[in-house]
Amino acid sequence: MEDRYHLALGYGGDRGASAWFEWNFRCLIGQENKADFAARDKFIQDFVAATENGQEYVIGAPDPGADYVRTFAEFGKKALAEREDLFVFYILEDATASSNQFRIYLKKDDPEAELPEFQIYCDGFDVPRDALIWMQERVGCRYYVTEDRAEMMLEFPYQGPEELPVIQ
């Protein structure tokens, strides 16, 4: 069955922040060795030299259910809290018309309501409902919107230790 949408992972902003984000994301998914400081410094130097501030970078996600799709969001949330000069987003592209692209921007937590790493504030209000449903089904996440449509949240299934049973 042909997919209705294609998924991509995106980020951008200050080129130094973008280089930092890409290096650390690569380390998280096992593509780079976090302890190799020389490789890190060269990667960041080359990245900064070859890019401009404000550029957007996109990583295709041919398998929307892959672990790195979740890792991207959870790391993106953490990175947004650390770096003011960065933006992180998902792109859903209509498979029948590549000019129809929809973005879901991740947002940092409200300081008064910090969420666990698997719950992420986002802005995807302009994304068609069927695209959000497609992403929920393919990625294994859920979207929630407050009744007043003031906030939107992306949530992945909890993966921590099982809750202890309640004594009754």
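1. Helix α3 buries Val69, Arg70, Phe72, Ala73, Phe75, Gly76, Lys77, Ala79 and Leu80 (buried: under 20% relative accessible area; exposed: over 50%; partly exposed: in between; 1.4 Å probe, protein chains only). The model is predicted, local features need pLDDT of at least 70, side-chain atom pairs count only at pLDDT 80 or more, and totals for chains, interfaces and linings use all residues. Residues are numbered from 1 along each chain as its sequence is written, and side-chain values use heavy atoms, with hydrogens and water left out.

2. Helices are DSSP runs of H or I, at least four residues, and strands are runs of E, at least two, numbered from the N terminus.

3. The whole structure holds 14 salt bridges (a side-chain nitrogen of Lys or Arg within 4 Å of a carboxyl oxygen of Asp or Glu). In α3, Glu74 and Arg70 sit 4 residues apart, about one turn. Their closest N and O atoms are 2.7 Å apart. Arg70 is buried at 13% relative accessibility.

4. Arg26 is partly exposed at 23%; Glu22 is buried at 13%.

5. Which residue forms a salt bridge with Asp3? Arg138 does, at 3.0 Å between the closest N and O atoms. This pair links distant parts of the chain, 135 residues apart: Arg138 is in helix α4 (residues 129–139), Asp3 in the segment before β1 (5–13). Both are partly exposed, Arg138 at 25% and Asp3 at 28%.
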